[in-house]
Amino acid sequence: ARQEVEVAVAAPDEWQKYTGCYIMPGLAEIEIKIIDGKMVVVRPGASTEIIARLTPEGEHKFRIKGGHVTGELAIFELNETDDVTHVKLGSFTLQRK
């Protein structure tokens, strides 16, 4: 019998710039990190509880799977020095902390 083996694929290096904490004052705080080669959204401090997964959809754009805005786009906004300043999750904009 043939065994299916899931191979852990490393996340592209450019994804590192998207990781970190993002906040919507008074409403939400999330952390975006890379776990097992996948970009995920977790609650800060609860690093194992994955709220959503982000799948590449274009430059600085990822499709959200899970959570309140599943199916929407996560769009990272960068400044002139190529630093991530905000992420839009559907209609919600969160500022990088």
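1. Strand β7 covers residues 84-89 and pairs with β8 in the antiparallel sense over 4 bridges (two strands pair if DSSP finds at least two bridges between them). Within this pairing, His 86 has Gln 95 in β8 as its bridge partner. Strands here are DSSP runs of E with at least two residues, numbered from the N terminus.

2. A word on the source: this is a predicted model, with local features needing pLDDT of at least 70 and side-chain atom pairs counting only at pLDDT 80 or more, while totals for chains, interfaces and linings use all residues. Residues are numbered from 1 along each chain as its sequence is written, and side-chain values use heavy atoms, leaving out hydrogens and water.

3. β8 (residues 92-96) also runs antiparallel to β1 (residues 20-24), joined by 2 bridges. Tyr 22 sits opposite Arg 96 in β8.

4. Tyr 22 turns up again among the aromatics: with Trp 15, Tyr 18, Phe 62 and Phe 76 it forms one aromatic cluster. The structure holds 5 aromatic pairs (ring centres of Phe, Tyr or the six-membered ring of Trp within 6.5 Å; planes under 30 degrees apart are stacked, over 60 edge-to-face, the rest tilted). Phe 62 and Phe 76 pair edge-to-face, at 5.8 Å centre to centre and 90° between the planes. That pair links distant parts of the chain, 14 residues apart: Phe 62 in β5 (residues 61-65) and Phe 76 in β6 (residues 73-78).
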